Amino acid sequence: MTAQSSDLLAPLDLAFWNIETAEHPMHLGALGVFRTEEGPDAPGSARHAHELLAARAAAVPGLRMRLAGVLFPVGGAARVPVRDFDPLDHVRLGAPVEDFHAAAGALMERPLDRGRPPWEAHVLPAADGTGFAVLFKFHHALADGLRALTLAAAVMDPTDLPFTRAPKPEPQQRRGLRLPFPGMRELTLADLDPRRYPGHVRSVVDSTAQALSIGASVARATWGVRTSPALTAPGSGTRRTAGVVLDLDDVHRIRKTVGGTVNDVLIALVAGAVRRWLDERGDGSEGVEPRALVPVSRRRPRTATPQGNRLSGYLVRLPVGERDPLERLRIVRATMDRRKDHGPARGAGAVALLADHVPPLGHRLGGSFVGQSARLLFDLLVTSVPLPSLGLRLGGCPLTEVFPLAPLAQGQSLAVAVSTYRGRVHYGLVADGVAVPDLAVLATALHTELAVLTQECERAAGPAGGPRT
């Protein structure tokens, strides 16, 4: 088939589409928990939510798109609207469940149907009738975290949120020769002016230099790797999920005492929790310093384009082997500051940008190899997903908890995603079910680490209080 250039998958989207396997599906998710305000006497709330989601999904253009191959560019793919779209193929009402996370883990195992628009919404009634949960699944080629948030918000109860407003139309450009490659602008007659050739040459040289710089940084990042076998897994195709809710005020108190950002504290909590988890399972944490990939969005919520992942990242060595909680936080803060000084377009964490330098056929032929190489690039994914501060509702039922769920890369056993929502921090943990049967231990360790770090900060601040430098 042929497609307009605006419909073609961007290079990174195409990479996500091609590296997927049955054991490592490339969908991300979000588990939202809704409370029935009327109590257990409202057994129809989950059924009503199912009906609302199906009706609203039919009206969202982004949810009607499937991904299909194109004749040109060779190896490329495009988003194509489905004329006979049936929302009931995607929105499903499950049986009552006792444990939302156990149900979500089983559902996250299943790859999305690649012949349909690659998303699903599963409504899970609570067995006690006090509410329900909705598990949203979006293929990473269809939506990154920000785009998935926009699509999910479109089927919630109407509200005035910045990311749900239609983006401003792009300025009208002069008609030119359309290039069938994503990420490239139209070619105009001015571009053919010989006086502009030096600028074009410099652009190509700069692009090549950036690719070589990132590649060299990736190679250096593999030297002296000190990780744990517990973070590696051959891939069983099974999934476990767990959710952790922390008080955001506690995180802010730590930040004000020690300095840095909220994100620094959240990453340091992961480092400390992994240390406790490794020690408890008997693997040992001494000297362990796994590489955490921290994705960075290269677009803003208010200007989010309808299509296309725009991601880079920072590669951070987590100080898991460090015994002192405050020193772990100091190391994370200093490392993140250095990465930010360099910017998201430099360093080994910017490996996603290399996708822009690979032709579509290269993604098609090399997808399997790239997927298997994830283990060489990083050991653990720690990603942050933005959420609105205003409360969301579905069928009048308030959203009380929401746990982001990240894809699990080949060769890895654990992925961590985190969001803040209405004064609380929500960690979503995804693990290989065979490699990590004790995911609940890691979840508990996050609670313990917050308590210990809070205590250490209070002791360090002393009677006078105030931030440490």
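Me: Which residues of α1 are buried?
Reply: In this predicted model, the buried residues of α1 are P11, L12, D13, L14, A15, F16, W17 and N18.

Me: How enclosed is helix α1 by the rest of the structure?
Reply: Helix α1 covers residues 11–18, and eight of the eight are buried, so the helix is largely enclosed by the rest of the structure.

Me: Switching to the largest nonpolar core. Which residues touch the most other members?
Reply: L269 and Y427 do, in a core of 50 residues. Helix α7 (residues 262–281) gives the most to this core, with eleven residues.

Me: And what does Y427 touch?
Reply: Leaving out residues up to four places away in sequence, Y427 touches A242, G243, V244, L246, L266, L269, V270, F403, V416, A417, V418 and L446. Another core, of 33 residues, lies apart from the largest one; A49, V123, F138 and M156 are among its members.

Me: C457, buried or exposed?
Reply: C457 has a relative accessible area of 3%, which is under the 20% cut-off, so C457 counts as buried. C397 is buried too, at 5%.

Me: Where do α6 and α10 make contact?
Reply: On α6 the contact is made by D250, V251, I254, T257 and V258, and on α10 by L450, L453, T454, C457 and A461. By class, that contact has seven nonpolar, two polar and one charged residues.

Me: At what angle do their axes cross?
Reply: The axes of α6 (residues 248–258) and α10 (residues 439–461) cross at roughly 35° and come within 10 Å. The crossing of α6 past α10 is left-handed.

Terms used:
Residues numbered from 1 in each chain as written. Predicted model: local features only at pLDDT ≥ 70, side-chain atom pairs only at ≥ 80, totals over all residues. Heavy atoms only, no water. Core = buried A, V, L, I, M, F, W, Y, C linked by side-chain atoms within 4.5 Å. Buried < 20%, exposed > 50% of the residue type's maximum accessible area, 1.4 Å probe, protein only. Helix = DSSP H or I, 4+ residues; strand = E, 2+ residues; numbered from the N terminus. Contact = heavy atoms within 4.5 Å. Axes fitted to C-alpha atoms, helices over the stretch in contact; angles between N-to-C directions. Left-handed = near helix turned anticlockwise from the far one by under 90°. Nonpolar A, V, L, I, M, F, W, Y, C, P; charged D, E, K, R; others polar.
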